[in-house]
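Open the model in a viewer and keep the selection panel at hand. The stops below go from one selection to the next.

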Amino acid sequence: MADFPDYLDVDYTDGEGENPEDYPSVEHKIEKAIEVTKKGLEEYENPVVMWTGGKDSTLTLYFVKEVADRFDLEVPPVVFIDHFQHFDELIEFAEHWADEWDLEVIWAQNDDIGQLVDERGLEPGDDIAIDDLSEHNQHHVREILEYEEDSFPFLLDTYVGNHLLKTVALNDAIEEYDVDGILSGVRWDEQEARADETFFSPRHDPDIYPPHDRVQPILHFDEAAVWDAFWHFVIPDVVENYPEEGYVPQSDDDLPEGVDQDDVPVSPKYFAGFRSLGSEVSTDKSAAEPAWLQDLDNTTERAGRAQDKEDLMERLRDLGYM
């Protein structure tokens, strides 16, 4: 990739200075998402789709599948980062829909830490000595993060933990598969550190990550629009026996006759009241009702996440975090 990005013709300023209000209806948002997705699939030689099993990345994956089918393009592999602290239901959800949709899945892991976890039976919160890490991981901790402590807690939602378990795993996969473009479900309104992103966002500094671009088809969606798209467009399109005009469930067992939760590509954690899906040990449900019925306008979407990581989001993103 020495000449990256010379073979591309993308507009890195697309979306600059915009916000979700510039796309006033869900139809406007879908039209733009299709445009960005099509450009991404056509321009990049080795794209992948970042998939977490969450609503945003699943909506992005839906657009990828639809655009690929409509314009006779390939569905790229999806990258699922296994950080060893997922909800069991989320792994089961990802495996189920990967099979249903015949996806090629790259299960990205930090294998060095995974081996330590297996060998020592580590639980979230247990300390890991820096000296026990591989040279590759020690370089990230000491030289890139400039972390000076002798150990760090095995927790996803901390500075060191997030970087090693997610960002290093992702960057290693980018390098291994020679990825030049990542289609991801980042949104402007989700986190302040993402508010200035553009639809095509360069990541070209080889000292930090393997050079690549981020392609962000749903950047202009807000949380309410994501759920609107699911219940009125995505679900009626992919779920047999679902009303064509859509239907919004009012509880975790309120689905049209003949339709079960397993038939719907929406994580059961959202039905259970979670609005944002992080790690099992540091993410709480926001309320009792399903995510889409909660007060989306007056409460924070990521309030259930560990806030120490949220406060570090800008620094984490500079190092390659989504």
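## Stop 1: a pair in helix H1

Select Glu35, which is partly exposed, with a relative accessibility of 45%. The model is a predicted one, so treat each stop as a feature of that prediction. Lys32 is buried, at a relative accessible area of 9%. Why do Glu35 and Lys32 lie about one helical turn apart? Both belong to helix H1, and they are separated by about one turn because they are 3 residues apart.

## Stop 2

The whole structure holds 14 salt bridges. Side chains of opposite charge can pair when their charged atoms come close.

Select Glu190 and Arg194 next. Their closest N and O atoms are 2.8 Å apart, in a salt bridge. Glu190 is buried, with a relative accessible area of 14%, and Arg194 is buried as well, with 5%.

Then move to Arg203 and Glu197, whose side chains meet in a salt bridge of 3.2 Å from N to O. Are these two buried or exposed? Arg203 has 6% relative accessibility and counts as buried; Glu197, at 11%, counts as buried too.

To see a network of salt bridges, select Lys55, Asp56, Arg187, Asp189 and Glu301, which are linked in this way.

## Stop 3: the largest nonpolar core

Nonpolar side chains tend to be buried together in soluble globular proteins. For the largest nonpolar core, which has 60 residues, select Trp51, Leu59, Phe63, Phe221, Trp227, Trp231 and Val266; these touch the most other members.

## Stop 4: a charged patch

Last, go to the surface and select Asp99, Glu100, Asp102, Glu240, Asp260, Asp262 and Asp263, which gather in a patch of negative charge. With 32% relative accessibility, Asp263 counts as partly exposed.

Methods: Residues are numbered from 1 along each chain as its sequence is written. This is a predicted model: local features need pLDDT of at least 70, side-chain atom pairs count only at pLDDT 80 or more; totals for chains, interfaces and linings use all residues. Side-chain values use heavy atoms; hydrogens and water are left out. Patches are made of residues with over 30% relative accessible area and no salt bridge: like charges are joined within 9 Å, nonpolar side chains (Val, Leu, Ile, Met, Phe, Trp, Tyr) within 5 Å. Accessible areas come from the Shrake-Rupley method with a 1.4 Å probe; for residues, only the protein chains shown count as cover. A salt bridge is a side-chain nitrogen of Lys or Arg within 4 Å of a carboxyl oxygen of Asp or Glu. Lys and Arg count as positive and Asp and Glu as negative; His and the chain ends are not counted. The place of a charge is taken as NZ of Lys, CZ of Arg, CG of Asp or CD of Glu. Buried means under 20% relative accessible area, exposed over 50%, partly exposed in between (1.4 Å probe, protein chains only). A nonpolar core is a set of buried Ala, Val, Leu, Ile, Met, Phe, Trp, Tyr and Cys residues joined through side-chain atoms within 4.5 Å. Helices (H or I, at least four residues) and strands (E, at least two) are DSSP runs, numbered from the N terminus.
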